[in-house]
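Here is a friendly walk through the model, meant to be read with the structure open beside you. We will take the sheets, then the ligands, then a few residues worth a look.

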Amino acid sequence: MDKETKKVAKMKSANPEAEKIVEWGAEHKIETCFERADKMKPCPIGAPGACCKVCHMGPCRFVGKNAEEEARGICGATLPTIAARNLLRMIAAGTSAHSDHARGMAFTLLDVANGEAKDFKIKDVRKLYRVAGYLDVEFEGRPVNDVARDVATKLIEDFGRQGKGELYFLKRAPKKTQERWKKWGIAPRGIDREVVETMHRTNIGVDHDPDHLLLQGLRTSLADGWGGCMISTDITDILFGTPMPVKAEASFGIFKEDEVNLVVHGHEPLLAEMIVDVVSEPEMIAYAKSKGAKGINLGGMCCTANEILMRHAIPTAGGFTNQELGIMTGLVDALSVDVQCIMPAITELSKKFHTKIITTSEKAKIQGAIHVQFDEHRAKEVAREIVKIAIDNYTNRKTKGEHITEKFPVIAGFSHEYIEYMQGGRWRGSFRPLNDAIMAGRIRGVVGLAGCDNPRVPSTGLHQFLATELIKNDVLIVSTGCGSAACGSSGYLTPEMALENAGPGLREVCEAIGIPPILHLGSCVDNSRILTIASAMAEEGGLSDEIGGMPAVGIAPEWMSEKAIAIGCYFAASGVPVIFGGDSPVEASKEVTRIMTEVWFERFKGSLHFEPDPEKILAMALDYIDKARVALKLKKYEQGKFATEKVLMDMAARRDIEKAAKPHIGIY
Ligand code: SF4
Ligand code: MSK
């Protein structure tokens with residue numbers, strides 16, 4: 001460990017601005033998740049998956065030297081069974097979260113099509129048609145709302161399908177990937193059905209074979225990735241536009257001393273989109289001015305932030321571990337939250353400041369918060385009510401708090417469609433240049449760097465370390481969720497990052513196309529964009545003809561949420577080796593670990609590892625990438641040595657195509 005790494009290892013957060021706030025809090029005896037993480041050590045039996053509490057004869061603890069072979073629960077269950085069951089329940093919970101969010105999006109699209117949610121409209125008709133195509137919904141010559149109604153209705157079927165059939169979007173995967181799912185019986189039928197079956201099979205006295213259980217875990221996770229997440233991404237694009245790169249700002253310096261600061265936090269974009277509209281209404285601005293503020297400053301946190309960052313360049317104050325710290329700047333007049341990854345600690349903390357906490361989902365209330373229930377049928381009215389609460393609270397702002405001025409530029413909003421477009425323009429978009437760059441060894445491989453930030457490590461530090469080292473090694477990074485917030489809040493999401501830190505091959509590609517070496521793809525549900533990008537790369541040819549076998553790896557170095565487990569599993573089942581940081585939630589069982597790493601890799605070419613050491617994560621990822629290159633018979637990767645015959649389409653060439661093109665809805 002070098003001196004700098006040692007210094008970071010002692011920090012609560014690897015982000016210096018966050019660290020300043022944590023230190024200010026410690027001086028003022030204000031506790032955050034960082035101190036609580038120090039006080040509350042993980043349970044040594046539950047953390048490695050050695051505790052079963054699915055019935056009330058237990059909880060049963062599977063401990064001792066030979067627990068794997070000898071320990072039994074009161075019912076006789078073995079350690080591999082209960083470790084597998086524990087993991088399955090995490091997958092089911094994570095799948096439920098993403099998919100319930102997706103259900104809300106699908107019903108909103110239906111309401112919009114029926115004229116019942118008048119504040120929303122279909123902004124991206126081209127994306128609607130693209131999705132209609134996947135669903136075999138006729139769109140040519142039909143009214144847009146009729147197409148939208150049929151699309152929404154079909155996607156809603158995916159949640160409750162009972163009889164025969166599979167999720168519609170599975171067919172967007174390469175044929176070979178689909179065949180593997182069929183062969184092993186893990187093609188999901190209905191989203192809700194897989195979650196329910198998982199909960200059934202993990203009850204006392206049902207499924208006890210760890211391998212059989214874990215296959216159902218993969219089936220459920222696929223319902224998340226190719227169901228809930230993908231449905232959510234697509235409908236969000238249809239309603240609010242498919243993202244294309246925008247320039248914005250990140251970190252705590254986004255808060256303004258002389259404006260009303262309203263922050264949206266959570267995951268769902270519906271209300272946040274309305275707030276984006278409402279804060280620029282002249283009456284609202286005049287109201288803010290009447291209270292002495294110069295204007296209204298909207299910011300975001302976590303994945304709600306990602307949604308409005310990539311569509312409207314709304315600045316982000318960062319990810320999960322920044323939520324308490326944002327309040328501690330003393331500058332947040334209101335924090336409006338929807339669902340997922342919201343710490344209940346914020347209401348207690350807010351009492352020490354002036355911040356109003358507003359819960360907005362009928363599914364999520366926190367004691368001590370104001371509840372303003374979102375209703376898509378009166379969306380703007382609700383948004384105005386929330387903005388007014390923030391404005392009215394501006395005059396209550398106290399001066400205490402750790403004011404931070406540092407902020408970084410970020411480029412965010414790389415959708416599948418934009419990545420396709422940037423490699424050939426509107427009419428000739430493809431994945432050919434990317435595949436060629438990988439084949440030639442300019443780009444060694446691709447890593448999806450995703451998942452949460454976590455107070456149990458110097459938070460955001462593992463993302464920063466891996467991002468820096470991977471691009472140094474000519475690995476292109478696609479990033480989502482709090483991983484991308486971690487990179488953004490550290491100034492990593494800019495093209496300059498390529499010039500300063502990327503290896504020579506990756507730098508050349510980034511300069512030719514005009515992109516950063518770390519592409520911000522969106523929120524947690526937008527991990528589905530990585531699935532479709534990998535599928536498009538397989539279809540393009542020259543690499544693997546399925547998702548499995550690509551020189552690609554998924555990494556979630558600071559994961560903490562059950563949603564992350566569901567995501568990791570759907571990548572593994574789709575053919576991507578995945579490495580999670582931290583300790584393994586199934587560490588207690590060698591058999592379950594073997595199945596997830598070796599057996600899954602044999603069957604699906606994907607796997608799920610847990611490795612706490614970031615240097616080992618890096619080595620493992622590069623090893624997977626290099627082995628995939630060998631198996632594909634690609635040019636051996638040697639830094640700085642690559643074939644130069646392929647010329648990528650540069651910005652000027654793309655602009656020429658642009659000029660010749662007719663104005664169109666969407667970018668692709
Ligand atoms: Fe114990 Fe079996 Fe009940 Fe689990 S299901 S708590 S192992 S008795
Ligand atoms: S918010 S799931 S902390 S990525 Fe999507 Fe971040 Fe993890 Fe929540």
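Predicted model: local features only at pLDDT ≥ 70, side-chain atom pairs only at ≥ 80, totals over all residues.

Two strands are said to pair if DSSP finds at least two bridges between them. With that in mind, look at strands β14 (residues 577-580) and β15, which pair in the parallel sense over four bridges.

## The six-stranded sheet

Both of those strands belong to an open sheet of six strands, in the order β12-β11-β10-β13-β14-β15, with parallel pairing. Its edge strands are β12 and β15 (607-610), each of which pairs on one side only. From one strand to the next, the twist averages 20°.

Ile 477 has Ile 518 of β12 as its bridge partner. Strand β11 is also joined to strand β10 (residues 445-449), by five bridges, and these two run parallel. There, Leu 449 has Ser 479 of β11 as its bridge partner.

Buried here means under 20% relative accessible area.

## The five-stranded sheet

There is also an open sheet of five strands, ordered β5-β4-β6-β7-β8, again with parallel pairing. The edge strands here are β5 (296-301) and β8 (370-371), and each pairs on one side only. Two bridges join strand β7 (residues 356-359) to β8, and the two run parallel. Within that pair, Ile 358 has Ile 370 of β8 as its bridge partner.

## The two ligands

Which residues surround ligand 1? Its shell is made up of Cys 52, Val 54, Cys 55, Met 57, Gly 58, Cys 60, Phe 62, Gly 73, Ile 74, Cys 75, Arg 85 and Ile 204. By class, these divide into nine nonpolar, two polar and one charged. Ligand 1 sits in the second largest cavity.

One member of this shell, Gly 58, is joined to Pro 59 by a cis peptide bond, with omega about 0°. Pro 59 lies in the loop between β1 (51-52) and β2 (60-61).

Ligand 2 is surrounded by His 267, Cys 302, Cys 303, Phe 320, Cys 341, Gly 451, Cys 452, Cys 482, Cys 524, Met 560, Ser 561 and Lys 563. Its shell has eight nonpolar, three polar and one charged residues.

## Residues in loops

Most residues other than glycine have a negative phi, and most peptide bonds are trans. Two residues go against the phi part of that rule. Asp 136 has a phi near 55°, a positive value in a residue other than glycine, and Thr 460 has one near 70°. Asp 136 is in the loop between α6 (125-134) and α7 (144-160), whereas Thr 460 lies in the loop between β10 and α20 (461-472).

How accessible are these loop residues? The table sets them beside two others.

| Residue | Relative accessible area | State |
|---|---|---|
| Asp 136 | 60% | exposed |
| Thr 460 | 6% | buried |
| Val 525 | 3% | buried |
| Gly 318 | 0% | buried |

Val 525 is found in the loop between β12 and α24 (527-540). Although 292 residues separate Val 525 from Thr 233 in sequence, the two are 6.4 Å apart in space, C-alpha to C-alpha.

Gly 318 has its place in the loop between α13 (302-312) and α14 (323-327). The C-alpha atoms of Gly 318 and Leu 222 are separated by 28 Å, with the two residues 96 apart along the chain.

Key. Residues numbered from 1 in each chain as written. Chains lettered and ligands numbered in written order. Heavy atoms only, no water. Near = heavy atom within 4 Å. 1 Å grid on protein atoms, 1.4 Å probe; cavity = no way out; pocket = protein on both sides within 12 Å on 5 of 7 lines; lining within 4 Å. Sits in = over half its atoms within 2 Å of the grid points. Nonpolar A, V, L, I, M, F, W, Y, C, P; charged D, E, K, R; others polar. Axes fitted to C-alpha atoms, helices over the stretch in contact; angles between N-to-C directions. Buried < 20%, exposed > 50% of the residue type's maximum accessible area, 1.4 Å probe, protein only.
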